[in-house]
Amino acid sequence: MIRSLSVLASAAVLASLAAPAPAEEVDPGAIVALQFALSGDHKGVRASGAKGVCLKGTFTPAADAASLSKAPQFAKAVPVTARFSMGGGNPKISDKTKPTTRGFAMRMQDPAGDLTFVIISAPVFSTRTPAQLLEFLQVRAPGPDGKPDPEKIKAFAAKNPETGRQAAWLNARPVPASFAGTDYWAVHTYTLTNAKGEATKARLTFVAADKATLSDDELKAKPDSFYADELKERLARGPAKFDLVAILPEPGDPTTDVTADLPEGRKTRTLGTLAIAGIEPDATCDAATFEPVVDLPEGIAGPADDPMFAIRSPAYAVSLSRRSN
Ligand code: HEM
């Protein structure tokens, strides 16, 4: 049923999806159909992260990372396939766009099981539940005049104030000068388990070694596409590095709500360093999806109680099936 959505035309999709979702039971295909429809229904691209650059690199764990997780990726250096992207399903989106998240997908490979993260350049996601995401998209759908109704968007935002946090966070900060010049957050809370069976909850962040932002004037002077060239030049000088930092929540901190950031000052542990070394052909990243829910080895698990986590798996599969057809 999900796959059949790939053949629906965008107008029909918008009409059939106009009614609000009755309960938390949300069809991931309905969300993805709206993601495609709202970004112009481009063919052969992802429903989100449509414009991006495929990469290769290496993840090298910190000496004591195995004390937190028995995943093979925390025991020895492993090869990585990765992809930076702009949020949304428009492959022609300007790299200057604000408030849009930059994305970072990565597969840390190991024969015992890949470790995949698909993460964004903000500490929070835009919605707390799939039903809220569906409505967030529905209120942005164009009406009979071809434009979204600003009153509907306002009413939704007033009723769901947490859905404004991501845009507010991004609007308060300058646009990154480089895909490699900004930090990325996994936003979900993971559980790390070591060989003794000891579990630690962690919010995982990739912290850029070389942060770079653009002032408003610098941004104005840039063309719409500059990230890919900037990355080529940067990588010709040496790898772009990120530390994988686990932020450890304390009792009472939010661990199931991706619209809520952790309070400042929480303890951290550095689990390793990701070095992006070069550009790969798009085909290396496009043949499959980066699967953040299923592709987790023993020693790291996603949250069972965060409703935004599990639904990513069928949503990404719908998008893959549609862009592959
Ligand atoms: C209900 C929640 C979500 C839905 C329905 C959703 C949907 C999607 C879909 C359909 C794709 C395209 C996948 C493909 O064709 O391979 C995608 C890609 C992406 N998503 Fe999500 N997403 C969700 C949550 C998130 C969250 C929480 C994050 C970040 C923390 C995120 C970050 C990304 C990124 C970076 C990409 C680009 C991946 C790539 O380069 O291959 N998404 N998302």
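**Entry 1**

I started at A37, which is found in helix α2 (residues 28-38). Helices here are DSSP runs of H or I with at least four residues, strands are runs of E with at least two, and both are numbered from the N terminus. Before going further I noted that this is a predicted model, in which local features need pLDDT of at least 70, side-chain atom pairs count only at pLDDT 80 or more, and totals for chains, interfaces and linings use all residues. Residues are numbered from 1 along each chain as its sequence is written, and side-chain values use heavy atoms, with hydrogens and water left out.

Is A37 buried or exposed? A37 counts as buried because its relative accessibility is 13%; buried means under 20% relative accessible area, exposed over 50%, and partly exposed in between, with a 1.4 Å probe and protein chains only.

Eight of the nine residues of α3 (residues 130-138) are buried, so the helix is largely enclosed by the rest of the structure.

**Entry 1: the iron**

Which protein donor does the iron atom of the ligand have? The only one is Y316, through its OH, at 2.2 Å. Donors are N, O and S atoms within 2.8 Å of the metal (3.2 Å for Na, K and Ca), and water is not among the atoms, so sites may look incomplete. I placed Y316 in helix α10 (residues 312-324).

The peptide bond from K98 to P99 is cis, with omega near 0 degrees. P99 sits in the loop between β2 (78-86) and β3 (102-108).

D41 is not a glycine, yet its phi is positive, near 50 degrees. I found D41 in the loop between α2 and β1 (51-61), and it counts as buried at 15% relative accessibility.

V187 also has a positive phi, about 55 degrees, without being a glycine. V187 belongs to strand β6 (residues 184-193) and is buried, with a relative accessible area of 7%.

T259 lies in the loop between β9 (240-247) and β10 (268-279). Its relative accessible area is 0%, so T259 is buried. Which residues is T259 in contact with, leaving aside neighbours within four places in sequence? I listed V124, F125, S126, T127, R128, E162 and R165. S126 is 133 residues from T259 in sequence, and 6.1 Å away in space, C-alpha to C-alpha.

F242 is in strand β9 and counts as buried at 0% relative accessibility. Not counting residues up to four places away in sequence, F242 touches a list that includes F84, F104, F179, A180, Y184 and F206. A180 is 62 residues from F242 along the sequence, with 8.3 Å between their C-alpha atoms.

T200 is in strand β7 (residues 199-208). Beyond its neighbours within four places, T200 is in contact with L68, Y190, T191, L192 and L248. K222 is 22 residues from T200 along the chain, while their C-alpha atoms are separated by 43 Å.

**Entry 2: the whole chain**

I ended with the overall picture. The protein chain has ten helices and eleven strands. Its radius of gyration is 19 Å, close to the 20 Å that the globule rule gives for 325 residues, so the chain is as compact as a globular protein of that length. That radius is taken over C-alpha atoms, and the rule is 2.2 Å times the number of residues to the power 0.38. The C-alpha atoms fill a box of roughly 60 × 45 × 40 Å along the principal axes.

Buried residues make up 51% of the 325. Among contacts between residues at least 6 apart in sequence, 76% join residues at least 24 apart.

Methods
Contact means heavy atoms within 4.5 Å.
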